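Work through the exercises below with the model open. Each task is followed by its solution.

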Amino acid sequence: MKVLHLTLEKKWFDMIASGKKREEYRAMKPYWHKRLLNKSYDAIRFRNGYQTNAPNMLVELRGLVSGLGIVEWGAPEKESVYILKLGKILDLYNT
């Protein structure tokens with residue numbers, strides 16, 4: 001299984017863990033072009049912060065598209081972004 005590792009703020013981490021947020025957004029910048037385009041990931045490992053024992057979860061990645069995201073879920077207004085379509089939570093670790 002190929003896993004993309006991303007760090008999130010608590011608000012977004014909690015929304016994904018609860019099932020309310022079903023997409024994650026990344027800016028359309030060279031850094032994310034290199035990490036996301038022409039690559040295939042099965043899942044995303046989200047971490048809530050940078051500490052060694054930070055809560056984390058493994059979430060199924062159902063697809064990658066570009067477009068306008070939902071502002072209430074953290075997307076910038078009127079700006080295209082990479083949209084990571086999330087599936088079910090495979091593992092949830094609250095340490």
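**Exercise 1: a salt bridge within a helix**

Lys-10 is exposed, with a relative accessible area of 52%. This is a predicted model, where local features need pLDDT of at least 70, side-chain atom pairs count only at pLDDT 80 or more, and totals for chains, interfaces and linings use all residues. Residues are numbered from 1 along each chain as its sequence is written, and side-chain values use heavy atoms, with hydrogens and water left out.

- Step 1. A salt bridge puts a side-chain nitrogen of Lys or Arg within 4 Å of a carboxyl oxygen of Asp or Glu.
- Step 2. Helices (H or I, at least four residues) and strands (E, at least two) are DSSP runs, numbered from the N terminus.
- Step 3. Buried means under 20% relative accessible area, exposed over 50%, partly exposed in between (1.4 Å probe, protein chains only).

**Exercise 2: a link between strands**

Which residue forms a salt bridge with Glu-23?

- Step 1. The partner is Lys-85, with the closest N and O atoms 2.7 Å apart.
- Step 2. Glu-23 sits in strand 2 and Lys-85 in strand 5, 62 residues apart.
- Step 3. Glu-23 is buried at 11%. Lys-85 is partly exposed at 31%.

**Exercise 3: a network**

Trace the salt bridges around Arg-26.

- Step 1. Arg-26 lies in strand 2 (residues 23-27).
- Step 2. Its side chain meets that of Glu-24 in a salt bridge at 2.6 Å, N to O.
- Step 3. Both residues, Glu-24 and Arg-26, are buried.
- Step 4. Lys-21 joins Glu-24 and Arg-26 in a network of salt bridges.
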